[in-house]
Amino acid sequence: MKLKTSKKIRRGAGHVCLHVFFTGLCFLTLIPVLYAVSVSLNAENSLLGSNFRFIPESFTIKNYLAVFTDYPVMLWFKNSMILAAATLALSLTVGVPAAYVFSRRRFAGRNAILKALILLYSFPSVLSMFAIYKLLGPMGLVDNRLGLILIYAGTMAVFALLNMKGYFDSIPQEIEEAASIDGAGSLQLVSRVVMPLARPSILVTAVMILIYVWNEYLFATTFMTGAENYTLAAGLYSLQATEISGSWPVFAAASLVISFPILLVFFAIQRYMTSGLTAGGVKG
Amino acid sequence: MFRIHFGRLSKRFAAGFLCLTMMVFLLAGCSRQEQEADEGPVTITIWHDKEEEVAAVLQDALNQLAPDIIVKLERKDGLTDSLKMVGNDPNAAPDMYFFAHDKIGVYAEMGILAPITEFLEQDVLDGCIPMTLEAASYKGEVYQLPLYFETLLFMYNRRYMKDEEVPSTTEELYTYMQENTRGGHYGFVEQHSTAYYAAGWLHAFDGYILKEDGEPGLGDEAVLRALEYHKKFVELMPVEGEYATVNTLFREGKAHSTIGGPWLVAAVREAGIDLGIASMPVVEETGKPISPYSGVQGVHVLRVAAEKKHDAVKKVLEALADDSVGTSMARASGCAPARISCYDDPQVAEDDMVMAMYETAQNAEPMPNMPEMDVMWTVAEKLLVDVNMSGKDVRSSAEDAQEQALKLIQQMR
Amino acid sequence: MKKKSKNTLWAYLCSSPSLILILLIIIFPILYTAYISFTNMNVYHWFDFEFVGLKNYRDALFVFDSGFLSALLRTVLWTVVSMILQLVIAFVLASLLNIQNFRGRRIYKTLLMIPWAMPGYVSILLWKTGMFNSQFGLLNQWLEKLGMNPIRFLAGDVSAFICCSVVNLWLALPFMIMIMDGALQAVDRSCYESAVLDGAGWFQRAVYITIPAIRQIIAPSVLITVFTTFKQFDVVYLLTCQSGARTGANIHTILTYAYENAFITNNYGYSSAISILIFVILIGFSLLTGRRKKER
């Protein structure tokens, strides 16, 4: 009895240390972001001098209002959403079966393809854009959302395939064998046994794709014309604090606004991030 | 025994596949893009990268051509790179674009531009200030209808620098800087190590980043002298000379004077600064004022449109050549109109800033519009940084830069 | 035999959508670049370019001078430093976050992901102007309060290299933590229980159980990160040599070096040749390290 309590206390103390550590770490990590928050909320609009504070003396939300009233932010938001959703759907529908097959089946060319896929990442893609333009142009996919979706899904396809394959590899094959003895068909096997087990990997992949699409601006500005077709990142890029347009506080406010949805998503999916394997999906 | 969790994923999986098939169909559908009919109104698409106010003036002026010609203005970031990719693609390229003159050489060599003289009579062009026409010409052809031009201005904060204190020579400026640069204040700041800003100092010594014959001039004695002379000014400025630092210092009243573009004016006035604009100080040694680059903004016609929509393009250009367009665009952008007759307009003639720009432009050098300039920006900037920020020897740095420039220009072909 | 070929067919059928996408968006550009590298496509021959054989490759050798070699070495150093820091820090943090019954991990994890939720150029701009700027950067404001002289963080080669590494770490850690965290979740807890009973400490568990268990899962992400670090462009370019805002530091990586010494010429044939050569160098590197790993 006594032993147990002392252990509990020790663990409690450990957790306090952990909290202190992580609070400090988060603060340290977020200094640049807090800086942006402060700049965007500061009514004095002063960047200079030794008087910077994380909590400004007088607050204003006029920079945030400016983001929403001066720019078609909601339209950009809609465009981002459409692109992100479509890219996610496409990437996962093509990625999951491919990853599963590469993990479970042994077939001619498998190893060669896997090796080649990784090597493809070493190509400096500065010039890719031009080639992709040459490819999509004749198909009428320039200035067309579908073109961007294909580009995004294609860019992330290697990562999606390899990443999910890695996780599939970690799921013991015996589970599937047992299920197939229980009479599950092969499609059932994948959708009802493997998928739940691979949930964290699929989510990680999905988040990765989402963030890529959300933050991508080079293709989005080059392949789309007209401010009404921009995504949030492309719009932000176009109003970036350049010499000519630059309002640093508005820019700071805008960058916080566009990253907010990603954080929400991230927070929301965390509870699903535990693998089926450890959350009681499989019990012997 | 296994207890299997039946997820909802299978349904999602099926839905996903549905999405995919739909997309394939969409893809097939999109590739059969319909060609524009020859009948009815002609649509002219103009790409630009300007502020809304300027675009609005342009749009207003061109709406009068409706219903025969519908002009669509599209803001395009990264316009220059996009044009390289789509320049000759009739489906993706715009018909015209509205931009500074400095890319004319690149696009003319690429063969995507049509000379403006295919549409406008010479006497229309003769109405433009000669400097703007010079800027719009490449290898003997005029490729741009100039609308307005911009150049850097000497700006000062009246709270610190009184009108009578405004230096007329660079030595006076230097004395002012020595007296006033302390305690977080600067007498004068500029983007000392950017090629666009430093070029004005080189020009005052008859030095050039790129000479008229397309040869880099970084190794010339004139450039060496200019760099050497400029250095003592840089020592009294913040080391970091990029726009964020310089503009913020001036906007927040920590710098008494600066050299900046017209785009700075609105933000500075908004910050409550009593802004004065003066002509550039003169370098006593040469008797020439600091002579910055000027940028001439105007419309260019793409070759793909020139053939297909010749008459519509002609009408658009004629509408834009009207004085009233120049005047109101100049006012919207705070720049100086390109047409001489615009200055008869009292509102233009009374505008301090426009007139200061006009004065400065008398000495300004149009940015070179040769393709070679594309590599010169980087090389010149590296030289400026070596001299101003890393404290390297002027002569050897300039010689290195010249050699590098020659090598890069050779690699362009 | 028949079953085997059916198996192969089925496998390719399932993976073909993904492979086709990769073919279009990733492989086609590489092939196209290779094709262009044998032509004289440049400003003067934009549409009427023709084959010039190996001319571009011959010219490219000029770029591979001593400057390029030091850039290459610097890039290797940069990659090694960044990867070691990323892996160690991410592993430690992910392990701490996965301590059982630790409440609040969701909050911490979300907070630690924030750097990732912003577009890269925004973050870099924030660091450059907000943190490192010698006039009003936060770091120098703090130094000033401590009574010290401002430091030009991005001007010296060494300090700029450190700054770039810090920013890169800041940008890349969230992804690494997430991958590590996901992998740790997939490790069967029961393995630990027996190890704890055997009296294994945290370090021993990490070395003998956790790392072997997650190695396979994180391998692809780590490899991909190695390559993206190797060909990192934005961080170094935007922090030190962006046009109009150079800082005076010379810490070129191979890509920024190639950019300033070739890509700005607008000569696509020439630039393509250099891209292909860098590609070959990188493949050479990865084959070399791959073989060494096997030997071990």
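These questions and answers go through a predicted model and ask how some of its descriptions are reached.

Q: What makes helix α3 of chain A the element with the highest mean pLDDT?
A: The pLDDT is the predictor's confidence on a scale from 0 to 100, and helix α3 (residues 73-104) of chain A has the highest mean among the elements of that chain, 92, whereas helix α8 (residues 186-197) of chain A has the lowest, 76. For chain A as a whole the mean pLDDT is 81, with 88% of its residues at 70 or more. Over residues 276-284 of chain A, however, the pLDDT is below 50, although this stretch has 18 contacts in the model beyond near neighbours in sequence.

Q: How do you know which residues of α5(C) and α10(C) meet?
A: Two residues count as in contact if their C-beta atoms, placed from the backbone, lie within 7 Å, and by this test Gly120(C), Tyr121(C), Ile124(C) and Lys128(C) in α5(C) meet Asp234(C), Val235(C), Leu238(C) and Leu239(C) in α10(C).

Q: Why is the crossing of α5(C) and α10(C) called right-handed?
A: A crossing has this name if the near helix is turned clockwise from the far one by less than a right angle; the two axes cross at roughly 35 degrees and come within 10 Å, and the crossing is right-handed.

Key: Residues numbered from 1 in each chain as written. Chains lettered and ligands numbered in written order. Predicted model: local features only at pLDDT ≥ 70, side-chain atom pairs only at ≥ 80, totals over all residues. Helix = DSSP H or I, 4+ residues; strand = E, 2+ residues; numbered from the N terminus. Axes fitted to C-alpha atoms, helices over the stretch in contact; angles between N-to-C directions.
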